[in-house]
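Here is a short report for a first look at this structure. Keep the sequence and the 3D view at hand while reading.

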Amino acid sequence: MKRVIVIGAGMSGLACAWALRERADVVVLEAAPRVGGNVTTAKADGFVMDAGPDAWVTTKPDASALAREAGLEGELIGTRPETRRVYVAWNGRLHPMPEGVVLGVPTRIAPMVATRLFSLFGKARMGLEPLVPRREWADGDDEAIGDFVTRRLGREAAERLAGPLLSGIFAGDAGRLSVRAAFPQFVEQEKKYGSLVLAMRASRKKSAHAPKKSGAPPSAFVSLRAGMSLFPETLAKKLDVRLRTSVERIARAGEGFDVTTSSETMRCDAVVLAVPPHAAAKLFGPVDSDAARLAGEIRCGSSAAIFLGYRREDVAHPLDATGFVVPRGGTNKLVACTFVTSKWESRAPEGRVLLRAFVGGAGREEVLDASDDELVGLARAELAELLGRMGEPVLTRVFRHVRASPQPEVGHLARMRAIGERLAAVPGVHLVGNGYNGTGIPDCVKQGRAAAEAIAGG
């Protein structure tokens, strides 16, 4: 059997090791004292806090399939059907996201006419989107998400709607994120239909003619009843995972590799780097200096999640949504807030509510210079302005994510192709992880499994 070393026990690394567990001798090395990477759950006083991702999308099947393989099907939960809406914070108040908006693209006329989120000019500009000439895309072309949406739907749509929704997924700046890397479906829709609005309407029409199922519509997101950490922890129980083990160097050794930690050097036939770009750049150095340089060019943003638990009677707002997003350009330091107990069941004791506020992200990291107490104070002040009366919290926690959000900026696909070409000359080395070829748990699982198949079949 091949000997494989996976460096990094996040979802990508664990998914790779899981797929190889019966086909190779696999060891997972993790520098941290726990598995999961950005997926982390903390529990205190009956509150369940997912400090990193709190869900994955169901439209990408890889994560759900792996969860079922691991025996977690009974733990899967969807968002509460009665609160599947979101607010946008603009000019000091919360505006309901107009109905019919899909990934920041409006598909229904009446809700857009009624909303006070946009000016008359902004609404008219969005209404003209089907008349905007399509761009002729060449293979190497790219465009920032913000520029793409501005070109198609206008400045207000980009700044107040699509920007905060789409860039929030990456904790990034829509003015720098690549539309081809982050949302390639937009480019394909423009190519095929010449219009995002017409493409979304065609999709809605197709869904309307699909067979209907009784009950509430299925959730677009799923989580785990006990918190997201259960996923990586369950996988790790059936794998050889060695925590608190930092890898110092990778070097070629004949047809294989030597992986050196602080305590030993291990020989293997293949090595999988399931680590962030800055860590990959360091480890790539002795293997391929060009791959190291290219990986080091991928920016990673930092952010913080601030949890606030309250008695329900101490919060005036009905919390009748999954939360709100905040466009850039205003005075707010918060970039988003999740009404955790409105979005998910089993996240707080009876009679309590839990909120998760976000600060930072690419281009906004200066706020993270504040202390934890200062961040809690900032979140409380801005939430009170938007939500109304709020009493003293019964729980506060701050979780910092340093360089944890890779940014697929304009030119990202070309950079990843170049890294792939370099690694093709070094058989046995694989790079997987969040932000390389997709973002989010399903894409991490997909990359990990693809690497496993390449190793097993090679």
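Where is the place of serine 195? Serine 195 sits in the loop between helix H8 (184-193) and helix H9 (196-208). Helices (H or I, at least four residues) and strands (E, at least two) are DSSP runs, numbered from the N terminus.

This is a predicted model: local features need pLDDT of at least 70, side-chain atom pairs count only at pLDDT 80 or more, and totals for chains, interfaces and linings use all residues. Residues are numbered from 1 along each chain as its sequence is written, and side-chain values use heavy atoms, with hydrogens and water left out.

Serine 195 has 0% relative accessibility and counts as buried. Buried means under 20% relative accessible area, exposed over 50%, partly exposed in between (1.4 Å probe, protein chains only). Leaving aside neighbours within four places in sequence, serine 195 is in contact with Glu129, Pro130, Arg152, Gln189 and Glu190. Contact means heavy atoms within 4.5 Å.

Valine 132 lies in the loop between helix H4 (120-127) and H5. Valine 132 is buried too, with a relative accessible area of 17%. Residues up to four places away in sequence not counted, valine 132 touches Arg125, Arg151, Arg152 and Gly194. Valine 132 and serine 195 are 63 residues apart along the chain. Their C-alpha atoms are separated by 7.5 Å.

Arg152 touches valine 132, and Arg152 is one of the buried residues of H5. The arc is that of the directions from the helix axis to the C-beta atoms. Glycine 154 follows H5, and its phi is positive, near 100°.

How do H5 and H6 pack? Helix H5 (residues 145-153) and helix H6 (residues 155-168) pack at an angle of about 140°, with axes 8 Å apart. H5 is therefore oblique to H6. Axes are lines fitted to C-alpha atoms, for helices over the stretch in contact, and angles run from 0 to 180 degrees between N-to-C directions. Angles under 35 degrees count as roughly parallel, over 145 as roughly antiparallel, 65 to 115 as roughly perpendicular and the rest as oblique. In H5, Ile145, Gly146, Val149, Thr150 and Leu153 meet Arg155, Ala157, Ala158, Ala162 and Leu166 in H6.

**Helices H1 and H16**

H1 and H16 form another pair, also oblique to each other. Residues of H1 that meet H16 include Met11, Ser12, Ala15 and Trp18. Among their partners in H16 are Ile441, Cys444, Gly448 and Arg449.

The two pairs are set out below.

| Pair | Axis distance | Angle |
|---|---|---|
| H5 and H6 | 8 Å | about 140° |
| H1 and H16 | within 7 Å | roughly 40° |

**Helix H2**

Helix H2 (residues 62-69) has Ala63, Ser64, Leu66 and Ala67 as its buried residues. Seen down the axis of H2, they fall within an arc of 165°, so they line one face of the helix. They pack against several elements, including helix H1 (11-20), strand S5 (56-57), helix H10 (230-236) and helix H16 (441-457). After H2 comes glycine 71, with a positive phi near 85°.
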